[in-house]
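Trainee: I would like to go through this model by asking about its strands, charged pairs and surface. Where do we begin?

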Amino acid sequence: MQKSALSVYEIRQDFPILRRKVGDNKTLVYLDNAATTQKPFSVINAIHDYYSNYNANIHRAVHQLGEEATLAYEQTREKVAKFINASSTEEIIFTRNATEAINLVSYAWGRKNVNDGQSIVITEMEHHSNIVPWQILSREKNAKLCYIGVDDRGYLRMEDYKSFLDKSNVGLISLSEMSNVLGTIVPLNEIIKMAHRDGIPVLVDAAQSVPHMPVDVQKTDCDFLAFSAHKMLGPTGVGILYVKRKILEEMPPFIGGGDMIKEVHKQNTVYNDLPYRFEGGTPNIAGVIGFGAALDYLNRIGMNRVRDHEIDITKYAMSALADIKDVILYGPLDANDRGGVISFNIADIHPHDLATIMNERGVAIRSGHHCAQVLMERLDVPATSRASFYIYNTKEEVDIFIDALHNARRIFKL
């Protein structure tokens, strides 16, 4: 794997949307990558090719189109397994998104394994997708939902975690590897090692980490891992759930119907082999095939180089933001401890107003609670503005972003 810097300007040529004019006829500066990333020609073309040349359902036909579609679909499963270093493709389940992947674990594993009086441990920085399913499960199973706190600089309070392990009957730990608001990268290896000493399984919400840094499920030894294709150049409507095979073998199906069965009789059903028993119904075939092209694209670049680029551009942006009066930055100040996500506020400018003004300059940022209202309550703010970067963002775009912020301050007479 090469260690040279990304050829960002060459990469940008692969993304047609980056040529768009938006706002007041400004060239698009897209800084909302934590929400979803843009798509290169190779992904768009892969989807077009499927619908144009071999559109068919998978796993069920012996005609040529069906066999070609099945092959392309299953090749993506192989690529996913290799990308996160799973030991087998049988541990890879396709879902609609990371949210569905987490809910699958909650329903198919949690209802069988979380018991009355146990605790489910999550953190204050979680996305709603990693809070709501556990609230529902906790109420159904009479379990307790416990939160690892976040300090003023955005790091986990590991003393909270250790206390829960010592004093609570913990049935599951579920946490994001990288915060979608603070950018904080948690000490995952340490967390999982401590949990496994007590035989506690760990689910990792990797929606923000897998797209931005190397992830190795065998190295971290996580039990479950969920992420989405659309945050890493792939189409929407495709999620991934990794589950250790020994756990997956004991899980009942999540959705009943076609393709997840071997035999169906009047009173009983014989379920399909792994992982197909968890993939009922016709899936997003085109999306999965498009995701395969996205993985090919990222593999050609190398995830170490993706990570290095984001550290570099995040340092540059944070330094420039720190020089603007009245800016409040949230999360770790060291770019090595965070992903390419910067949440901030400027004086009394509401984030929605700021995003509207930025859009007039062609700059797309996020505003709101970012599906993390528990964290907003911890930060004691109703919302933040958020800029997030990916492989096609440049320092020149950061300069445009900073200039647009200065313009907003002038408009509000700050």
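Mentor: With a definition: a salt bridge is a side-chain nitrogen of Lys or Arg within 4 Å of a carboxyl oxygen of Asp or Glu. Keep in mind that this is a predicted model.

Trainee: What is the N to O distance between the side chains of Glu 159 and Arg 157?

Mentor: The cut-off for a salt bridge is within 4 Å. The side chains of Glu 159 and Arg 157 meet in such a bridge, and Arg 157 is partly exposed at 30% relative accessibility. The N to O distance of this pair is 4.0 Å.

Trainee: How many salt bridges does the structure hold?

Mentor: Side chains of opposite charge can pair when their charged atoms come close. For this structure, the number of salt bridges is 20.

Trainee: How many residues apart in sequence are the parts that Asp 152 and Arg 378 tie together?

Mentor: The side chains of Asp 152 and Arg 378 form a salt bridge, 2.8 Å from N to O. Asp 152 belongs to the loop between β6 (144-148) and α6 (158-167), while Arg 378 belongs to helix α13 (residues 373-379), so the bridge ties together parts whose separation in sequence is 226 residues.

Trainee: Is Asp 152 buried or exposed?

Mentor: Exposed means over 50% relative accessible area, and partly exposed lies between that and the 20% limit for buried. Arg 378, at 24%, is partly exposed. Asp 152 has 66%, so its class is exposed.

Trainee: Which helix holds Lys 395, the salt-bridge partner of Asp 312?

Mentor: The closest N and O atoms of Asp 312 and Lys 395 are 3.3 Å apart. Asp 312 is in helix α11 (residues 303-322), and the pair links distant parts of the chain, 83 residues apart. Both residues are partly exposed, Asp 312 at 38% and Lys 395 at 33%. The helix that holds Lys 395 is α14.

Trainee: Which strands are at the edges of the open sheet of four strands?

Mentor: The order in this antiparallel sheet is β13-β14-β17-β16. On average, neighbouring strands are turned by 30° against each other, direction ignored. An edge strand pairs on one side only, and that holds for β13 (327-330) and β16 (366-368).

Trainee: At about what angle does helix α12 run to β16?

Mentor: Helix α12 (residues 351-360) lies across β14, β16 and β17 (384-388). Its angle to β16 is about 160°.

Trainee: Is Thr 394 buried or exposed?

Mentor: Thr 394 is in the loop between β17 and α14. Leaving aside residues up to four places away in sequence, Thr 394 touches Val 8, Tyr 9, Arg 12 and Ile 313. The limit for buried is under 20%. Thr 394 has a relative accessible area of 6%, so its class is buried.

Trainee: Which residues make the nonpolar surface patch of about 250 Å²?

Mentor: One of them, Leu 414, is in the segment after α14 (395-411). Leu 414 is partly exposed, at 42% relative accessible area. The patch is made by Ile 411, Phe 412 and Leu 414.

Note on methods. Residues are numbered from 1 along each chain as its sequence is written. This is a predicted model: local features need pLDDT of at least 70, side-chain atom pairs count only at pLDDT 80 or more; totals for chains, interfaces and linings use all residues. Side-chain values use heavy atoms; hydrogens and water are left out. Two strands pair if DSSP finds at least two bridges between them. Helices (H or I, at least four residues) and strands (E, at least two) are DSSP runs, numbered from the N terminus. Axes are lines fitted to C-alpha atoms, for helices over the stretch in contact, and angles run from 0 to 180 degrees between N-to-C directions. Contact means heavy atoms within 4.5 Å. Patches are made of residues with over 30% relative accessible area and no salt bridge: like charges are joined within 9 Å, nonpolar side chains (Val, Leu, Ile, Met, Phe, Trp, Tyr) within 5 Å. Accessible areas come from the Shrake-Rupley method with a 1.4 Å probe; for residues, only the protein chains shown count as cover. Buried means under 20% relative accessible area, exposed over 50%, partly exposed in between (1.4 Å probe, protein chains only).
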